[in-house]
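Please look through the sequence and the model below before reading on.

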Amino acid sequence: MLLHRLAEVSGEVAATAARSRKTALLAELFGDAEADDVPIVIPYLAGRLPQGRLGVGRRVLGRPVPPAAEPSLTVREVDARLTELGKVSGPGSQAERSRIVGELMGAATATEQRFLLGLLTGEVRQGALDAVAVEGLARATSADPAAVRRAVMLAGSLQAVARALLADGPGALEGFRLTVGRPVLPMLAHSASSVAEAVEKLGSCAVEEKLDGIRVQVHRDGDTVRIHTRTLDDITDRLPEVGAAALGLAGERFILDGEVLSFDAGGRPRSFQETAGRVGSRVDVARAAREVPVAPVFFDVLSVDGQDLLDLPFAERHARLARLVPEPMRVRRTVASGTGGAAEAERFLAETLARGHEGVVVKALDAPYSAGRRGASWLKVKPVHTLDLVVLAAEWGHGRRAGLLSNLHLGARTADGGFAMLGKTFKGMTDAMLAWQTERLGRLAVGDDGHVVTVRPELVVEIAYDGLQRSTRYPAGVTLRFARVVRYREDKRPEDADTVATLLAAHPEVRP
DNA sequence: TTCCGACAGTGGGGTCGCAAT
DNA sequence: ATTGCGACCCCACTATCGGAA
């Protein structure tokens, strides 16, 4: 199949709003693909490279090259060249990658170039990624969409399912069972604004500590342990303590879901930055483990002794977990049900925060493990802080925000009467707010370099954030975590905005 | 008919490690 | 030795479609 066909369909998919039409377009294309094209075409249209990330970004892409007049590239040829690209490493590799990408781009038409660019940078904006590709695949192969979805979750990969489906038909889906050693997409949580709201929504529920670390899925099969992240990357080699802990448990075969984090000498959790840095260290793991030891804390079990527990209610899964994993390695929790449930949840949240944790996750006791879904049966609740800050500048948006001022630079007042930038945010704005701020900030503009519009520091905005973290990038030595706009405060003047000093005083645990 | 779950899009900061400078 | 880049951790929120209620 020609890449051109695929790029054109991607364009059509992007141009239509209806998901049913997107699905139909993808299904038609999958159906037209030859057997050898399919393992490439499907991931491409899901916005993914079969090879994974290839180390191609702005720098490697370099300047645009003139497009070819006529389409000639086949998807298999592109795939072969990208496989070659992925093998390049060592000194001179960046130039070599640039050369290969340039050659490929030079052979591509303008339409193909746009598609390839999106694919290489992970920004295929067609309003249809994994979920729609799964629907399309189901339709193209006359398989039940729900069964395909489930197989993808259990396989942790669309490609493997696509290959099996096309080779052996819908019957192949049964081959995708929960298997120790093969990671599944983890269940995710929604947000709730209070524990009362969460408990009201879920009824009988468990309230668990939300630990601010790295999510892990731990598989043990006899003497073998594999550890995977939320995106299913294998990080076994980086976490020897976790491997040892899994081998120390009284079970031979199991899959556990949990969080890894580091604690200080007093048993309080260390900052996310410290834990993430440790888990990210790959070169001298032994040294990293000495300096920042980590421990796993488990909250769910997906499989024990060959038995698939995914569809059991959480209450039963937890009973199995409690049999397998001793107390200190299990997340602290309480159960909230009936009258007084909300009050108990509230008490537990306060206690959890006092222990230095992030918040709580409220989980329905009757819910199955919805692998790969952000199911409504897990609700996280974290305290939210707010500040009044001053807009120092704004950046022009991309995609659907093109032509609108989007990303705000936020400043707090300093002792000398100026402002210190604390970070940026593009979150929380409605379309109406985007239009309003574009006009309003336009009137305050004092400079525009085509990317950043600098403004007179006069507009006050209320910002919500999850906490403070250390920063080497910003002048106050701190930055806001997950800042988002709540509303504009036109009733406030810049001299009413919050100061760096009050911000630091509100977060004594964080020092610049 | 209205409501709500699921998705895609729009990007944020930090850290590590490699390659380039 | 330092700097820049890319991958991957953490993530919030809004708009929209389409099925559920």
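A polar contact is a pair of N or O atoms within 3.5 Å; within protein, one atom must be able to donate a hydrogen and the other to accept it, and residues adjacent in sequence count only if both atoms are side-chain atoms. This is a predicted model, in which local features need pLDDT of at least 70 and side-chain atom pairs count only at pLDDT 80 or more, while totals for chains, interfaces and linings use all residues. Residues are numbered from 1 along each chain as its sequence is written, chains are lettered from A and ligands numbered from 1 in the order in which they are written, and side-chain values use heavy atoms, with hydrogens and water left out.

A residue is near a molecule or strand if one of its heavy atoms lies within 4 Å of it. There are 32 residues around DNA strand C, of which Arg19, Ser20, Gly55, Thr231 and Arg484 come nearest. Of the atoms of DNA strand C that come within 4 Å of the protein, 89% belong to sugar and phosphate.

| Residue | Protein atom | Distance to a phosphate oxygen of DNA strand C |
|---|---|---|
| Arg58 | backbone N or O | 3.1 Å |
| Arg59 | backbone N or O | 3.0 Å |
| Arg484 | polar side-chain atom | 2.7 Å |

Helices (H or I, at least four residues) and strands (E, at least two) are DSSP runs, numbered from the N terminus. Helix H2 (19-32), helix H4 (58-61) and strand E3 (214-221) each supply at least two residues of the surface near DNA strand C, and the largest share, 3 residues, comes from H4. Sorted by class, this surface has 9 nonpolar, 8 polar and 15 charged residues, where Ala, Val, Leu, Ile, Met, Phe, Trp, Tyr, Cys and Pro count as nonpolar, Asp, Glu, Lys and Arg as charged, and the others, Gly among them, as polar.

**The nonpolar cores**

Buried means under 20% relative accessible area, exposed over 50%, and partly exposed in between (1.4 Å probe, protein chains only). A nonpolar core is a set of buried Ala, Val, Leu, Ile, Met, Phe, Trp, Tyr and Cys residues joined through side-chain atoms within 4.5 Å. The largest such core has 58 residues, and those with the most contacts inside it include Val41, Tyr44, Leu82 and Phe115. Helix H3 (residues 38-45) gives the largest share of this core, 6 residues. A second, separate core of 32 residues includes Leu410, Leu422, Ile463 and Ala476.

Contact means heavy atoms within 4.5 Å. Apart from residues up to four places away in sequence, Phe115 touches Leu3, Leu6, Ala7, Ser10, Tyr44, Leu45 and Val124.

**Salt bridges**

Side chains of opposite charge can pair when their charged atoms come close. A salt bridge is a side-chain nitrogen of Lys or Arg within 4 Å of a carboxyl oxygen of Asp or Glu, and a search of the whole structure finds 45 of them.

In one of these, the closest N and O atoms of Arg99 and Glu96 are 3.1 Å apart. Because Arg99 and Glu96 are 3 residues apart in helix H6 (residues 93-106), about one helical turn separates them. Arg99 counts as partly exposed, at 41% relative accessibility, and Glu96 likewise counts as partly exposed, at 28%. Both also belong to a network of salt bridges that links Glu77, Arg81, Glu96, Arg99 and Glu103.

A salt bridge of 2.9 Å, N to O, joins the side chains of Glu358 and Lys210. Glu358 lies in the loop between helix H16 (341-354) and strand E9 (359-364), and Lys210 in strand E2 (residues 205-210), so this pair ties together parts that are 148 residues apart in sequence. Both Glu358 and Lys210 are buried.

Glu490 and Arg440 also form a salt bridge, with their closest N and O atoms 3.1 Å apart. Since Glu490 is in the loop between strand E19 (484-488) and helix H18 (500-506), while Arg440 is in helix H17 (residues 431-444), the pair ties together parts that are 50 residues apart in sequence. Glu490 counts as exposed at 51% relative accessibility, whereas Arg440 counts as buried at 18%.

**Two single residues**

Asp388 is placed in strand E11 and is buried, with a relative accessible area of 9%. The side chains of Asp388 and Lys492 are joined by a polar contact of 2.8 Å.

Leu404 is found in the loop between strand E11 (385-396) and strand E12 (405-413), and counts as partly exposed at 22% relative accessibility. Leaving aside neighbours within four places in sequence, Leu404 is in contact with Glu395, Trp396, Gly397, Leu434, Ala435 and Thr438.
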